[in-house]
Amino acid sequence: MPVIVFVTFVTEFILMGFPGIHSWQHWLSLPLALLYLSALLANAMILLTIWQEMVLHQPMFYFLAVLALVDMGLSTTIMPRILAMLWFNARTISLQECFFQIYAIHTFMGLESGIFLCMAIDRYVAICHPLRYPSVITEGFVLKATMFMVFRIGLLAIPVPILAARRNYCSRNEIDHCLCSNLAVTSLACDDRKANSIFQLTIAWFLLGIDVGLIIVSYALILRAVLKLHSAEAASKALSTCSSHIILILFFYTAIVVLPITHTAKRMVPFIPVLLNVLHSVIPPALNPIVYALRTREIKLGILNLIGLAVCFSITKL
């Protein structure tokens, strides 16, 4: 007599949160919410300052404004869903929303890397070819470079959720994560996910490899040009304009490299890779504007002027 096997296909996923600490993971909601709020407010302050101050209407600060928008998009793609899960136990997520989150995460991460590359090129031209800077780095260049980065990652990231959606999810639907990570989702598939893993790693390392390589070349040429300057004051000024970029670039790419390494310790401390994945999506957006505000004189003065205007407006209202 033939055996009849009933296959139940998954119609939604369940986000389990941080593995190994489910009983007290809600305590993480407060620091995560504060980080998310800081990211939104700080980047909104940067955007408002650049829009308000005419002296900041320059290509370098336009790239910073684009970076602020990308940071707000990256953190908003992830944090509201995580906070809803921690505060309201909203664990279920539809397949369509999950696959869209996979696409959005890859897009914003790729955009951030691309904008860092644009900013490195901007500093290279400004320091190594200062006389050509006004004719090369124009508002048109900023627009074209940004649109190229959007289309580059926007198109290359499309196969990631499509390949994930083509897998057969016929049994498990509990994602041992607090967001829809591509590898975490496809690990639930009943069929082979090798194509997903290979494509994601190939695209990630290909794009990051190109961006990191060009960034290293740009700053190596900048360093060579700075060392040739006879004035110590001029060299210091040139390096100070790059210092904030270098700090953020090192943090962004170091965290990306550390994330795969932490997966080797997943069996011992399973929540660490998940926590680092979440923090990497919210700490850089909160950190980027703070670093620029502290290390860029024009941004610092612009923010102080904006605060002064807000205080004066509040006093007149009273």
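**View 1. Helix α5 meets helix α8.** R152, I153 and L156 in α5 touch F199, I203, L207 and D211 in α8, where contact means heavy atoms within 4.5 Å. Sorted by class, this contact holds five nonpolar, no polar and two charged residues. Here Ala, Val, Leu, Ile, Met, Phe, Trp, Tyr, Cys and Pro count as nonpolar, Asp, Glu, Lys and Arg as charged, and the others, Gly among them, as polar. This is a predicted model, in which local features need pLDDT of at least 70 and side-chain atom pairs count only at pLDDT 80 or more, while totals for chains, interfaces and linings use all residues. Residues are numbered from 1 along each chain as its sequence is written, and side-chain values use heavy atoms, leaving out hydrogens and water.

**View 2. The angle between α5 and α8.** Two packed helices are described by the angle between their axes and the distance between the axes. For α5 (residues 139–156) and α8 (residues 194–227), the angle is about 160 degrees and the axes lie 11 Å apart. That makes α5 roughly antiparallel to α8. Axes are lines fitted to C-alpha atoms, for helices over the stretch in contact, and angles run from 0 to 180 degrees between N-to-C directions. Angles under 35 degrees count as roughly parallel, over 145 as roughly antiparallel, 65 to 115 as roughly perpendicular and the rest as oblique. The crossing of α5 and α8 is right-handed. A crossing is left-handed if the near helix is turned anticlockwise from the far one by less than a right angle, and right-handed if clockwise.

**View 3. Helix α1 against helix α10.** The axes of α1 (residues 29–52) and α10 (residues 271–295) come within 8 Å and cross at roughly 35 degrees. This crossing of α1 past α10 is left-handed. Look in α1 for residues including L32, L35, Y36 and I46, which belong to the set meeting a group in α10 that includes V278, L279, P285 and P289. By class, the contact of α1 with α10 has 13 nonpolar, two polar and no charged residues.

**View 4. Helix α2 beside helix α3.** Helix α2 (residues 59–88) packs with α3 at an angle of about 160 degrees, and their axes are 9 Å apart. That makes α2 roughly antiparallel to α3. The crossing of α2 and α3 is left-handed. Its contact residues divide into 18 nonpolar, three polar and six charged.

View 5. L131 lies in the loop between α3 (95–128) and α4 (133–136). At 81% relative accessibility, L131 counts as exposed. L131 and L47 are 84 residues apart in sequence and 28 Å apart in space, C-alpha to C-alpha. L301 sits in helix α11 (residues 297–317) and is partly exposed, with a relative accessible area of 37%. Buried means under 20% relative accessible area, exposed over 50%, and partly exposed in between (1.4 Å probe, protein chains only). The C-alpha atoms of L301 and E53 are separated by 9.4 Å, although these residues are 248 apart along the chain.

**View 6. Stepping back to the whole chain.** The protein chain has 11 helices and three strands; helices (H or I, at least four residues) and strands (E, at least two) are DSSP runs, numbered from the N terminus. Of its 318 residues, 45% are buried. Along its principal axes, the C-alpha trace spans about 90 × 55 × 35 Å.
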